[in-house]
Amino acid sequence: MTRAFGAGAALIVAAGASLGAAVSTDRKPSAPEGPLIATCGVERWAVKTLADPAARKINFHPRRTTVSKLRRLTPTHIYARGPGVERRTYRIRARLVEAKLEAEEDFHLVVADPRHRSRTMIVEFPSWSCTRHSLKRKQMRRARAAFVRACGHPRSSSFTHLRGKATITGVGFFDFDHGQTGVAPNAIELHPLLSFTKATCS
């Protein structure tokens, strides 16, 4: 009787283990702990970060201009770096409007013409971790650090409203208009920014 009971118990344990294995196999893997790690961008990313072959053809001597003038330029809208605007560097004095940390780790900063607050455009600060193969990488890092010192670190959940002005230098870039906050009529941006100076930010 002891042997029969022992054999029966062994069968029950084995069946339980088999059932447990089946349940374990069908169970979905648990979600990773903590926030998801942000990734770098994809669309025209090499152009945005000066990692494309044509970046060496850019004239890095900045031209002084205004937000209003940049908004009137004709976009090229080709996938590779376009001629003209996307191979030039511009310097503007602009009103700071709002900023946000984007999913691809850029700082998305909306600026406006100091004389016309409704005339806005976007300028962007790429992350150091997303510019490993870029020209002017150190300049990008210094510009981003200067923004943080002047205005603080923007949130990722919503836009941080800003007040003040700054002198901003960056490479011309035509994005595609997909309703992004602050987009210019021609979707021009300064992307990436290479300098952020003389800031009065609050």
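Where is the place of Leu50 in the chain? Leu50 sits in the loop between helix 2 (45-48) and strand 1 (59-64), and the legends below treat this and other sites.

The model is predicted: local features need pLDDT of at least 70, side-chain atom pairs count only at pLDDT 80 or more, and totals for chains, interfaces and linings use all residues. Residues are numbered from 1 along each chain as its sequence is written, and side-chain values use heavy atoms, with hydrogens and water left out.

**View 1. Overview of the chain.** The secondary structure comes to 4 helices and 7 strands. Helices (H or I, at least four residues) and strands (E, at least two) are DSSP runs, numbered from the N terminus. From that end on, the elements run α-α-β-α-β-β-β-α-β-β-β. Of the 202 residues, 40% count as buried. Buried means under 20% relative accessible area, exposed over 50%, and partly exposed in between (1.4 Å probe, protein chains only). Accessible areas come from the Shrake-Rupley method.

View 2. Strand 2 (residues 88-101) and strand 3 (residues 107-113) run antiparallel and are joined by 6 bridges. Two strands pair if DSSP finds at least two bridges between them. Leu101 has Phe107 in strand 3 as its bridge partner. The two strands form a hairpin with 5 residues between them, and Glu105 in the turn has a positive phi of about 80 degrees. Strand 3 also pairs with strand 4 (residues 116-125) in the antiparallel sense, over 7 bridges. Strand 3 is mostly covered, with 7 of its 7 residues buried.

View 3. A search of the whole structure finds 2 salt bridges. A salt bridge is a side-chain nitrogen of Lys or Arg within 4 Å of a carboxyl oxygen of Asp or Glu. Side chains of opposite charge can pair when their charged atoms come close. Arg44 is in the loop between helix 1 (2-26) and helix 2, and Glu86 is in the loop between helix 3 (67-70) and strand 2, so the pair links distant parts of the chain, 42 residues apart. Both Arg44 and Glu86 are buried. Asp52 forms a salt bridge with Arg81, the closest N and O atoms being 2.8 Å apart. Because Asp52 lies in the loop between helix 2 and strand 1 and Arg81 in the loop between helix 3 and strand 2, this pair ties together parts that are 29 residues apart in sequence. Asp52 and Arg81 are both buried.

View 4. Leu50 is not a glycine, yet its phi is positive, near 60 degrees. The residue counts as buried because its relative accessible area is 1%. A cis peptide bond joins His191 and Pro192, with omega about 10 degrees. Pro192 has its place in strand 7 (residues 188-201). Lys198 lies in strand 7 and has a positive phi of about 50 degrees although it is not a glycine. Lys198 is exposed because its relative accessible area is 64%.

**View 5. A positive surface patch.** Arg64, Arg93, Arg117, Arg163, Lys165 and Lys198 form this patch. Patches are made of residues with over 30% relative accessible area and no salt bridge; like charges are joined within 9 Å, nonpolar side chains (Val, Leu, Ile, Met, Phe, Trp, Tyr) within 5 Å. Arg93 lies in strand 2 and counts as partly exposed because its relative accessibility is 34%.

Note on methods:
Accessible areas come from the Shrake-Rupley method with a 1.4 Å probe; for residues, only the protein chains shown count as cover. Lys and Arg count as positive and Asp and Glu as negative; His and the chain ends are not counted. The place of a charge is taken as NZ of Lys, CZ of Arg, CG of Asp or CD of Glu.
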